[in-house]
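Grab a pencil and keep the model open beside you. Try each exercise yourself before you read its solution.

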Amino acid sequence: ANYLVGQGFNEMMTNSIVNAAWFSEEELQTMVKMMNSLSAELNILRNSLFETSLQAVAHNLNHKNNSLRLYEFGKAYSTSGPGKYVEAEKLCVIISGNKNEDSWKQKSTVSDFHLLKGTVDTVLKSLGVIADTLEIIQVPKLDNHIVYKLGNQIIAGAGEVKRNILDKFGIKQPVYFAELNWQLLSELASKETA
């Protein structure tokens, strides 16, 4: 958190209860449904911080905050059947808009995927965790999606949000999203320091 704040990131806190309409039938199979949901829009527990992050981006853009660096430590939930539930700690990082503002010294430059990747690399390095492999994996919601692996475990993933997903949230500018398996990374980091 200290590193991210030092790099100009702001912490966000989003709701872990979300709208099932955001997800495909395939995704809903492994998601935890609410028995007594508060409303039709809040009826399922998120399986990632992705959708709630985009909701926060859309909210900021609607209020003319166009250059965003946001992060959140939060929980994601999944199920493999009745009574089999998993709660996982995640860290998400989201970047959109300009890297810097116009000034007399320099023109503003637009954020890009390299800024996001550099941030993820530095967070991993600060934990003393170095990925064995980087793989490009096609996923439905992100372009240029890279996955950081240690052994056969995925420790982080990062990419550019696809245009059709941004359209669903009314977002008109590029957005870069990364999610880190904070639970696993914390365990690995504590082994490194032990």
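Predicted model: local features only at pLDDT ≥ 70, side-chain atom pairs only at ≥ 80, totals over all residues.

Residues are numbered from 1 along each chain as its sequence is written, and side-chain values use heavy atoms, with hydrogens and water left out.

**Exercise 1.** Work out the strand order of the open sheet and find its edges.

*Solution.* Step 1: know your terms. Strands are DSSP runs of E with at least two residues, numbered from the N terminus, and two of them pair if DSSP finds at least two bridges between them.

Step 1: read the order. Seven strands line up as 1-5-6-10-9-8-7, with mixed pairing.

Step 2: look at the ends. Strand 1 (10-11) and strand 7 each have a single partner strand, so one side of each lacks a neighbour in the sheet.

Step 3: Strand 7 (residues 133-136) pairs with strand 8 (residues 142-150) in the antiparallel sense over four bridges. T133 sits opposite K149, and L134 has Y148 as its bridge partner.

**Exercise 2.** Find which residues lie nearest the centre of the largest pocket.

*Solution.* Step 1: go to the centre. S48, V139, L142, H145 and E179 lie nearest to it, out of 30 lining residues.

Step 1: ask who contributes. Strand 9 gives the largest share of the lining, five residues.

Conventions. 1 Å grid on protein atoms, 1.4 Å probe; cavity = no way out; pocket = protein on both sides within 12 Å on 5 of 7 lines; lining within 4 Å.
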